[in-house]
Amino acid sequence: MNVRMAEPNLEGNELKYVSECVTTNWISSAGKFVKEFEENFATFCGTTHATSVSNGTTALHLVLVALGIGPGDEVLVPANTFGATAAVVKHAHATPVLVDIDKDTWNMSPEDAEKKITKHTKAIIPVHLYGVPADMDAIMALAKKHNLNVIEDAAESHGATYKGKRVGSIGDAGCFSFYGNKIITTGEGGMVVTNNAALHKAMTEIKNHGMTPEKRYWHDVVGYNYRLTNIQAAVGVAQLERIESFLEKREQIAAWYAEELKGITGLRFQQTPKDAKSVMWMYPLYLEKDFGMTRDELIEKLTAAGIDNRKSFASLHTMPPYKSEGDFSVSQSVADNALVLPLHVGMTKEDVKAVCQVIRGK
Ligand SMILES: *Cc1c(COP(=O)(O)O)cnc(C)c1O
């Protein structure tokens with residue numbers, strides 16, 4: 001058996017569009033695919049604007065810089081996420097303040113977030129972990145009450161919806177990653193979507209060396225080179241053409257998992273909030289005591305059977321750069337007891353059955 005965690009599917013127009021870049025010489029960050037990818041991605045998310053960037057991490061950092069977040073400012077980040085969500089706050093020379101997660105959705109707890117707000121708090125970065133939308137109504141209400149910006153980390157959740165809206169379109173800005181294991185990929189790549197024209201303009205300028213569009217080689221601000229290439233965007237345009245079919249396939253695979261894992265004692269699943277829809281980036285599982293085997297023991301068994309898997313993210317409050325005191329017990333329990341099973345569009349029902357066989361036969 002050999003079931004991998006993630007695998008991109010590049011069987012559409014990817015090669016055709018990349019060849020077009022090469023044969024026409026448009027291989028750098030100027031070129032028609034960049035614009036097309038941005039326009040199509042904004043349409044997909046239901047936002048007025050989208051600007052492409054070099055990866056999901058630069059997407060998040062770009063928004064912080066464009067919002068003027070810097071030294072002395074605090075930004076709320078969930079304690080249980082991929083490290084980049086917190087690292088970008090450090091890149092902006094601001095302070096990430098960790099928030100415990102909700103025990104059902106594993107996303108930022110709005111109640112704990114409110115407790116962490118001080119007079120220095122400037123923004124909240126909710127993460128839609130493993131494709132499950134965060135509790136955006138509560139987070140947006142908190143932001144409004146305390147006059148904070150909301151930057152959605154949608155790196156794992158392209159196409160997920162919350163009360164009919166696509167994630168990324170709800171806060172001030174939404175950030176996406178197109179790394180090879182994400183819902184769609186450009187190899188490396190990212191995007192920021194927003195409905196705020198001024199923020200969009202600031203971001204397009206800052207990501208392009210901070211050059212004023214009106215005056216060449218003139219810099220009103222310190223910029224970065226965070227551009228996506230036309231070749232990457234060519235892959236992105238082709239991926240986006242098929243995203244709806246990818247999302248349908250993911251839903252199907254998740255349904256197979258749910259069916260196969262039904263009735264096994266000691267398994268708990270990440271919950272999706274009411275009126276929201278996950279895109280099932282991966283298939284996480286929480287092992288309760290009565291499962292009868294520890295998370296690490298199950299990981300060993302799966303690995304021995306040729307089934308790729310991961311521990312769920314470790315809690316940031318335990319890591320050297322983000323060490324924090326306080327109650328992060330939910331984040332810690334997910335970090336200790338959860339694992340993620342493979343889920344990608346190339347998986348068959350037989351693959352899912354093979355994974356679940358190992359879990360069932362513990
Ligand atoms: C992948 C990911 C990122 C970073 O994206 P890159 O493209 O790898 O830089 C940020 N946040 C989360 C939650 C992610 O999963």
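So, of the 14 residues around the ligand, the ones that come nearest are G56, T57, E156, S177 and K182; "near" here is a heavy atom within 4 Å. Quick caveats: this is a predicted model, with local features needing pLDDT of at least 70 and side-chain atom pairs counting only at pLDDT 80 or more, while totals for chains, interfaces and linings use all residues. Numbering runs from 1 along each chain as its sequence is written, and side-chain values use heavy atoms, with hydrogens and water left out.

By class, that shell has four nonpolar, seven polar and three charged residues, and Gly counts as polar in that scheme. Helices α3 (56–66) and α4 (84–91) each supply at least two shell residues; helices are DSSP runs of H or I, at least four residues, and strands are E, at least two.

What about polar contacts, meaning N or O pairs within 3.5 Å? The T57 side chain puts an N or O atom 2.5 Å from a ligand oxygen. For G56, a backbone N or O atom is 2.8 Å from a ligand oxygen, and N55 has a polar side-chain atom at 3.4 Å from one. The protein buries 92% of the 380 Å² that the ligand exposes taken alone (Shrake-Rupley, 1.4 Å probe).

Now the sheet. It's open, three strands, in the order β7-β6-β11, with antiparallel pairing; pairing takes at least two DSSP bridges. At the edges sit β7 (165–166) and β11 (276–277), each pairing on one side only. Strand β6 (residues 161–162) is joined to β11 by two bridges, and T161 stands opposite K277.

Key: A polar contact is a pair of N or O atoms within 3.5 Å; within protein, one must be able to donate a hydrogen and the other to accept it, and residues adjacent in sequence count only if both atoms are side-chain atoms.
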